Amino acid sequence: MSQRCTNEIKSLPSNSLELLLDKIAMNEPRPSTAGSRREFLTSLSTGVACMVAGVASMGVGKHSHGADSASEFKLEIARDLDLFRVRMEMDVQGNVNLVKDPMVPDSKKQLLPVTGKLTLDYEERFLRPVGATQNSEIIAVERHFNEAIGTSRLNRTDKEVQLREMIDEVIARRENLPETLYSPDDYLTHEEIDLLRAPVASTAVDRLIPEQMMRIGEKVPLLPRDLASFFNLSAIVASDVEIELVSADAGEAKLQMRGKIDGSVSGVPTRMQILGKLTLDRRAGAVSWAAVAIHETREIGKAEPGFDVTATIRMVRKPLSAVQTLPAKPTEVAFDAPPPADRLLVAMKSNHVGVEGLMDRRWRVMKDAAGEAVLRMIDNDQSIAQLNLRPLPRLAEGEQWTLAAFQQDIRKTLGNRFGEFIESHEGVTESGLRMLRVVVGGQVDQVPIQWIMIHVSDDSRRRVMATWTMDGDSVPKLAGSDIQLAATMRLIDGRSQTLETDSKTPKTKENAEITAVDAVDEVESVAEAASPSDSIVR
């Protein structure tokens with residue numbers, strides 16, 4: 001995109017969708033038949049070089065027919081195409097809406113300006129179960145990313161996220177949306193998942209084409225399930241989006257869609273106003289180019305901020321006759337089972353606490369600062385449990401914390417909230433850490449609560465305390481997350497890890513409470529949680 005075009009985008013009001021799409025260039029790329037990266041990118045850059053003054057020949061409200069408006073054109077999709085090269089570029093600007101303190105329910109909200117760019121370049125192959133017909137919905141895709149990079153500026157903070165080079169292949173399962181991403185090569189981080197989960201799905205773009213006879217200027221309503229698949233929405237409550245045939249000839253058909261969508265993403269309500277343009281390659285039977293402008297307003301979720309942003313997305317897509325970067329043999333997928341649970345773990349790391357491990361991806365980091373990391377398990381925008389990770393002072397040479405001392409400290413810290421010890425044991429983790437694990441039942445405001453407390457230490461006397469808090473009804477939903485983290489946990493040298501100490505170090509008189517719950521169905525701490533180790537009895 002030229003600097004002039006970039007400046008034009010930034011000069012537009014964030015909510016001016018009409019003005020924004022009126023400036024999208026209609027000189028779509030014509031990908032060459034050669035499969036080289038250079039030729040592909042050249043065709044893209046020439047075609048999507050961006051913004052032009054005024055309304056383009058296929059602009060809003062104006063048609064360049066290329067045929068008599070009474071003529072009918074049959075629009076068809078080639079259902080036997082399974083392999084594509086895709087490049088997608090996105091520009092975002094607007095505001096992020098978040099709470100000032102995520103640890104305090106109903107804390108004040110603040111609006112921060114945000115801008116961002118996303119580039120995804122990948123080869124994708126559709127995966128079909130045995131017995132599937134060509135009309136069957138695509139529910140699994142494998143992708144090899146040649147490039148995946150996102151840059152953003154939130155307020156005055158710049159951030160860049162790239163897919164690690166070791167990730168050669170990514171599988172997308174689409175039975176439930178937004179699509180579930182995992183890699184057979186390594187465990188993805190939450191940042192990588194957010195990077196690769198694009199706001200529109202190249203896999204579903206062909207579903208927007210009405211496979212029927214159409215006249216120039218004719219409009220057809222788009223089905224909610226097709227819109228949900230394309231925009232990666234969990235559900236659509238209401239939609240008035242229509243698609244219109246703008247022009248057509250023997251080689252291609254140009255279409256335009258417009259309308260509003262009320263839907264949700266993982267339980268969080270969102271509202272979208274969309275304006276998009278598509279080019280159907282009638283000879284290939286596939287959408288070869290798309291440009292979509294979206295004005296989206298999403299509410300604040302338990303794990304994600306809300307936002308009010310305008311995004312422009314440009315996509316070029318080319319059918320391939322043979323794989324170029326993907327393995328020759330398609331990846332085997334068990335279509336009769338959900339995505340493999342062992343591949344849905346995410347890599348979690350806190351330099352502040354000095355710990356890393358693998359966790360259920362429903363756990364999201366709410367706070368990671370010197371002295372403590374706080375995570376919450378969020379499922380369909382409902383808080384299930386909270387995890388507090390804290391570095392502890394090193395014990396003096398030769399000292400060791402016993403299980404009995406750990407239990408005594410827990411009982412003292414919980415006070416009148418303590419009910420009973422449900423389980424206690426000590427052992428060694430797979431990574432060689434000494435572990436003390438205690439499960440405690442109790443009550444807070446007559447609500448049954450369960451705490452799981454794990455103390456880990458290594459041979460160099462580094463120690464970390466992990467405390468899980470949940471209400472009684474949520475215990476089954478934890479699904480062994482504590483065991484999973486303990487089994488994979490490693491203590492690392494972080495920037496502000498454990499404090500050096502010895503037996504002469506004074507003990508704090510403050511005995512901060514373990515995180516409790518405000519309601520039966522949510523874990524919402526009203527104060528920073530602390531480990532019961534603050535009152536250790538030696």
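K254 stands opposite T279 in β13, within a pairing of strand β12 (residues 252-265) and strand β13 (residues 268-281), which run antiparallel and are joined by 14 bridges. Strands here are DSSP runs (E, at least two residues), numbered from the N terminus, and two strands pair if DSSP finds at least two bridges between them. The model is predicted: local features need pLDDT of at least 70 and side-chain atom pairs count only at pLDDT 80 or more, while totals for chains, interfaces and linings use all residues. Residues are numbered from 1 along each chain as its sequence is written, and side-chain values use heavy atoms, with hydrogens and water left out.

The hairpin of β12 and β13 has two residues between the strands, and S266 takes a positive phi near 50 degrees in it. β12 also forms a hairpin with β11, with three residues between them. Strand β11 (residues 242-248) is antiparallel to β12 and joined to it by six bridges; A248 stands opposite A253 there. Strand β10 (residues 235-239) pairs with β12 in the antiparallel sense over four bridges, and A235 stands opposite S264.

Of the 14 residues of β12, 11 are buried (under 20% relative accessible area, 1.4 Å probe, protein chains only).

The largest nonpolar core has 71 residues, and L196, F230, F231, M257 and I261 have the most contacts inside it. Such a core is a set of buried Ala, Val, Leu, Ile, Met, Phe, Trp, Tyr and Cys residues joined through side-chain atoms within 4.5 Å. Leaving aside neighbours within four places in sequence, F230 is in contact (heavy atoms within 4.5 Å) with residues including P199, L208, M257 and V292.

Note on methods
Buried < 20%, exposed > 50% of the residue type's maximum accessible area, 1.4 Å probe, protein only.
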